Amino acid sequence: MIVDTLAAVGREPLCVEREISLMGHRTPLYEEHVKAGARMVDFGGFDMPLHYGSQIAEHHAVRRHAGIFDVSHMRAVEVQGADARPYLRYLLANDVDKLGVPGKALYGCLLNEDGGVLDDLIVYYLAPDWFRLVVNAGPAEGDIAWLRAHTGRFAVAITPRPDLAMVAVQGPHAEQAAAQALAGGEYEALMRLAPFQGAFAGDTFVARTGYTGEAGFEVLIDAREVAALWRRFVAQGVVPAGLGARDTLRLEAGMNLYGHDMDATVSPLESGLAWTVSLGDREFIGRAALVRERERGVARRLTGVVLRGPGVVRSGQGLRGAWGPGVVTSGSFSPTLSRGIGLVRVPGAAADGDVCELAGRPGQVLEARLVAPPFVRQGRALIDLEGEGR
Amino acid sequence: MSKVPGDLRYTKSHEWVRVEGQALVVGITDHAQDLMGDMVFIELPRPGTRLAAGKECAVVESVKAASDVYAPVAGEVTMINEALANAPETLNTDPYGNGWLFTMKPADPASLQGLLDAPAYEALLASEA
């Protein structure tokens, strides 16, 4: 993510990294971030908070208490019409027919004809003729054009919702804070939800979804109301958390980041996302390419890596094991494990548990081991670090 | 705004130097730690290492990036701040105090004259902003 474009793995003199040069789009929470002393960076064309002082402190706050993220750069898109369901069954690699009850959510990928990942998204089933997608900021415009270009024979309308803002409240105390910070109806709606389910309270949509590996929820709300909502959560002791913490939290949770762990040049099968592909007998864009790929054997796979000693894993680093070369697609320092961790794309023959060497800074070789993500969930380390002291 | 203590000397590459008797204490500036973000690993030279002015002599690594630290002047490393190994975040919280990196004996005490004073360093920061 953003921090990697700044890091670029090299031996740089201090402070050569560039911060924002051009003013990007601003979310309705921009003023809150500036007032809170955030360091702002460009992400997906938006000026977003990287951190508000210490991204590691924000990371721990989410694992131990609760944090709030501005995710208004992500774009909600309504898919409405009599054919909304058959249309999305054709557009998405996961099958929205898994969504039987209104409110249920599904994670999946939008593929091109070659099986490459155009974006990953969450789709909420709201009504028989209404689904809501939440897509990433960077690819959003391309997604919307793609969705519209493929309506064809389907009776559907595609409506982006830039009038909606979105916050994620995550952590073991998130729900407790919601009792005070959400309006009564919103809180009651939240309390009725199962994981990966959402509901309306008036025009506000609350859902038990997130990107941190902690309990929590996300709120899609009128952009004019989000600053007040934000302040109510902060007043409850919920810590504003930036994209830096969001990146280390999702990485510990073993969740992919679009543009790093997958993009249009790789398939979901090579990206640790086979579980989101429902081949079945339904026709969907990219299916033929995935079937061909599976028949000839998936050449590469995405898995996790953990350093055996000090160091930080960086996106773009090369690695080598007995099975040949691989590459780090996401890397960082895990605040929970106090260890360098990453996601890596390696040959299909590479097994979790195998040792490998990462090319660190010039002249630096980092001993590492492949591990199946996630690294951390619900505040608990899932990786055994015993016998690998720093 | 970044702090720039008036009693220190500075380099264009954002190291600071404090004169303590015959020795120089070296660290990185508040501006540098602020841009780097949360520090996670610090690699320091061994005591006794001879440093050439302007050459890399240590590495500070944050969650965001790894950066070289350059020797402000020529000389020899005398002591290193071993406490940083277990508390790299000290560079963020106290860059001019407990976050010092190492001390050195300058080859030529006069070489300090080539470094920036506080107003000159502040002007540099203003020009980079």
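Predicted model: local features only at pLDDT ≥ 70, side-chain atom pairs only at ≥ 80, totals over all residues.
Which residue follows H8(A) with a positive phi?

Okay, the answer: Gly237(A) comes after H8(A), and its phi is near 90°. Let's stay with that helix for a bit. H8 covers residues 226-235 of chain A, and its buried residues are Val226(A), Leu229(A), Trp230(A) and Phe233(A). If you look down the axis of H8(A), those buried residues fall within an arc of 100°, so they line one face of the helix.

Of the 390 residues in chain A, 52% are buried. And if you take the contacts in chain A with a separation of 6 or more, 67% of them are between residues 24 or more positions apart.

Next, domains. The assignment for chain A gives domain 1 as 2-71 + 163-252, and domain 2 as 299-390. Where they touch, domain 1 of chain A puts in 16 residues and domain 2 of chain A puts in 19. On the domain 1 side, the elements giving two or more residues are helices H1 (2-7), H3 (55-64) and H9 (243-252) of chain A. Which of these gives the most? That's H3(A), with 5 residues. By class, the domain 1 side of that contact has 5 nonpolar, 4 polar and 7 charged residues.

On to the inside. As a rule, in soluble globular proteins, nonpolar side chains tend to be buried together. Here, the largest nonpolar core has 88 residues, and the members touching the most others are Val79(A), Leu88(A), Val123(A), Phe131(A), Val167(A) and Val169(A). Strand E7, residues 117-127 of chain A, gives the most to this core, with 8 residues. Take Val79(A) as a case to click on. Leaving out residues up to four places away in sequence, Val79(A) touches Ala84(A), Tyr87(A), Leu88(A), Phe131(A), Leu133(A), Val156(A) and Ile158(A). There's a second, separate core too, with 54 residues, and it includes Leu307(A), Val328(A), Ala350(A) and, from the other chain, Val63(B).

Which brings me to chain B. Chain B has 3 helices and 9 strands, and from the N terminus the order is β-β-β-α-β-β-β-β-β-α-β-α. With 129 residues, a compact globule would have a radius of gyration near 14 Å, and chain B, at 13 Å, agrees. The C-alpha box for chain B is roughly 35 × 35 × 20 Å along the principal axes. Of its 129 residues, 46% count as buried. Looking at contacts in chain B between residues at least 6 apart in sequence, 65% join residues at least 24 apart.

Pro373(A) and Pro374(A) are joined by a cis peptide bond, with omega about 5°. Pro374(A) is in the loop between strands E20 (365-371) and E21 (376-377) of chain A.

Then there are two positive phi values in residues other than glycine. Phe196(A) has phi near 60°, and it lies in the loop between helix H7 (184-191) and strand E11 (198-201) of chain A. Is Phe196(A) buried, partly exposed or exposed? Phe196(A) has 16 other C-beta atoms within 10 Å, so it is partly exposed. Ser338(A) has phi near 50°, and you'll find Ser338(A) in the loop between strands E17 (324-334) and E18 (339-347) of chain A. Ser338(A) has 12 C-beta neighbours inside 10 Å, so it counts as exposed.

Notes
Residues numbered from 1 in each chain as written. Chains lettered and ligands numbered in written order. Buried ≥ 20, exposed ≤ 12 C-beta atoms within 10 Å, placed from the backbone. Helix = DSSP H or I, 4+ residues; strand = E, 2+ residues; numbered from the N terminus. Arc of directions from axis to C-beta. Domains from an automatic or database assignment. Contact = placed C-beta atoms within 7 Å. Nonpolar A, V, L, I, M, F, W, Y, C, P; charged D, E, K, R; others polar. Rg over C-alpha atoms; globule rule 2.2 N^0.38 Å. Core = buried A, V, L, I, M, F, W, Y, C linked by C-beta atoms within 7 Å.
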